[in-house]
Amino acid sequence: MRDLTLAMRHRSDVLTTVFFFIIVVSLFPLGVGPDAQLLKEMAAGVVWVAALLASMLSLTRLFADDYHDGTLEQLLLVPQPLSLIVLGKVLAHWIISGLPLVLMSPLLGLQFGLEGDALLMLMLTLLIGTPVLSLLGAIGAALTLGLRGGGVLVSLLVLPLYIPVLIFGAGAVTSNAMGMGAEGHLSLMGAILLLALVLAPWASAAALRISLE
Amino acid sequence: MFNLFKFSSPASFYPLAGRLVTLFAIASVILLAIGLYMSFFVAPTDYKQGEGYRIMFIHVPAAWMSMLIYVVMACWAAAGMIWNTRLSSMMATSLAPTGAMFTFIALWTGALWGKPMWGAWWVWDARLTSELILLFLYVGFMALESAIDDPRRAARASGLLALVGVVNIPIIYYSVQWWNTLHQGSTIDFSKGGGVEISMSEIMLWTLLIMTFACWFYTIAVALNRVRSIILEREADSAWVKTLLKGAKS
């Protein structure tokens, strides 16, 4: 399983995703104007939406390369359960596209004038949230494998499923900033993560089987 | 012995569906006529919201149907996966457009109602947002279905998507209770100690129920009619469809 991670490492994918993330976030102050107070309130939402889009950008490639060179069909025949292999691939996807976003987020938060505590909270929610994005995205990627216009379709399928994560993730930062405590949001996100961790690999494995029939 | 699985074959289901369509279509038209008459002329004016509340008689049934149809659709999709029956996935496919339509009606009438009552067409409220997500789920389902050329693969892939999306239904249903939001709570409450608690006049309740059943029968009629077309389309090469079509022509 680890060799998958290694194989995915030597690519420029990581940089593309990260720069896309940074550019989208930077577009917002240009669009709404440099009002510091407004930007501070928007920061969590903006960073979250950008993270959503950035992690979706690389989703189509999650299974596509293996599908085209036939590796995926080999993987279906391996004695290990397919859901475990999917989990490994999702983990690799998260490491190359999710983790850099988490690491970059404090810097972007600083640009929006967030304080230390809020920065930490933003990072924490992204840390819990981005694996969910990768897990749910895997279902969409597996379903649209080898279809015409798969990329657009993935966004249509996956974005509605992302919305709860977005609400709780951005909500945690906001309510923390208002001094209400974010435990509720955080524990709900943790619950979502656990649920997705159990169900999503299984669902994507089923979707892969359908796609490869 | 009545055999339930007899009708899981498209060939035997087709004539049955034809008979049911007429039945439910007639029932739905009658109920709709009664329901509309009652909602406009019989039901009293609400003391707080005036005449504007009457839009509820289409809004609430549409919102209920939008959720119910999704659940039914997911059940058909699950049945299609478990027993691998062609008809189940055809049913799921035929329900989706109607469900999307009801979701849209619920959102639209809600907006019309919200303008005079809340002073805004749209509010980013938990229930409204989750209903909007539901609309996206329907659209995604139909988009995936139509993007895949092979009908069997399309049915299974979109069925899986429907099952994943079903998580959203309880979130919409309970959103009013979980988050204290602008959208008012349910007027009919089944949860309090077994009994049904209703905070509206009896005539309003009856009107609402009649409208709900009208929408319900409408859905059944339309979905069955659509499934008949799908059956004819997918089974176009089979012998029974050919004889059927020949009989219709001569």
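User: Leaving aside neighbours within four places in sequence, which residues is Met73(B) in contact with?

Analyst: This is a predicted model. In it, Met73(B) is in contact with Ala92(B), Leu95(B), Ala96(B), Gly99(B) and Ala162(B). What makes each a contact is the C-beta distance, which must lie within 7 Å.

User: What makes Met73(B) stand out in the largest nonpolar core?

Analyst: Its links to other members. That core has 122 residues. Met73(B), Val47(A), Leu136(A) and Ala207(A) touch the most other members.

User: Why are helix 6 of chain A and helix 7 of chain A called roughly antiparallel?

Analyst: Their axes cross at roughly 155°. Angles over 145 degrees count as roughly antiparallel. The pair is therefore roughly antiparallel. The axes also come within 8 Å, and the crossing of helix 6 past helix 7 in chain A is right-handed.

User: Which residues make that contact, and how many of them are charged?

Analyst: Helix 6 of chain A contributes residues including Val86(A), Trp94(A) and Gly98(A). From helix 7 of chain A come Leu122(A), Met123(A) and Thr130(A), among others. By class, the contact has 17 nonpolar, six polar and no charged residues.

User: What is the pattern of chain B along the sequence?

Analyst: The pattern reads α-α-α-α-α-α-β-β-α-α. That is eight helices and two strands.

User: How much of chain B counts as buried?

Analyst: Of its 250 residues, 36%. The cut-off for buried is 20 or more other C-beta atoms within 10 Å.

Conventions. Residues are numbered from 1 along each chain as its sequence is written. Chains are lettered from A and ligands numbered from 1 in the order in which they are written. This is a predicted model: local features need pLDDT of at least 70, side-chain atom pairs count only at pLDDT 80 or more; totals for chains, interfaces and linings use all residues. Axes are lines fitted to C-alpha atoms, for helices over the stretch in contact, and angles run from 0 to 180 degrees between N-to-C directions. Helices (H or I, at least four residues) and strands (E, at least two) are DSSP runs, numbered from the N terminus. Angles under 35 degrees count as roughly parallel, over 145 as roughly antiparallel, 65 to 115 as roughly perpendicular and the rest as oblique. A crossing is left-handed if the near helix is turned anticlockwise from the far one by less than a right angle, and right-handed if clockwise. Two residues are in contact if their C-beta atoms, placed from the backbone, lie within 7 Å. Ala, Val, Leu, Ile, Met, Phe, Trp, Tyr, Cys and Pro count as nonpolar, Asp, Glu, Lys and Arg as charged, and the others, Gly among them, as polar. A residue is buried if 20 or more other C-beta atoms lie within 10 Å of its own, exposed if 12 or fewer, and partly exposed in between; C-beta atoms are placed from the backbone. A nonpolar core is a set of buried Ala, Val, Leu, Ile, Met, Phe, Trp, Tyr and Cys residues joined through C-beta atoms within 7 Å.
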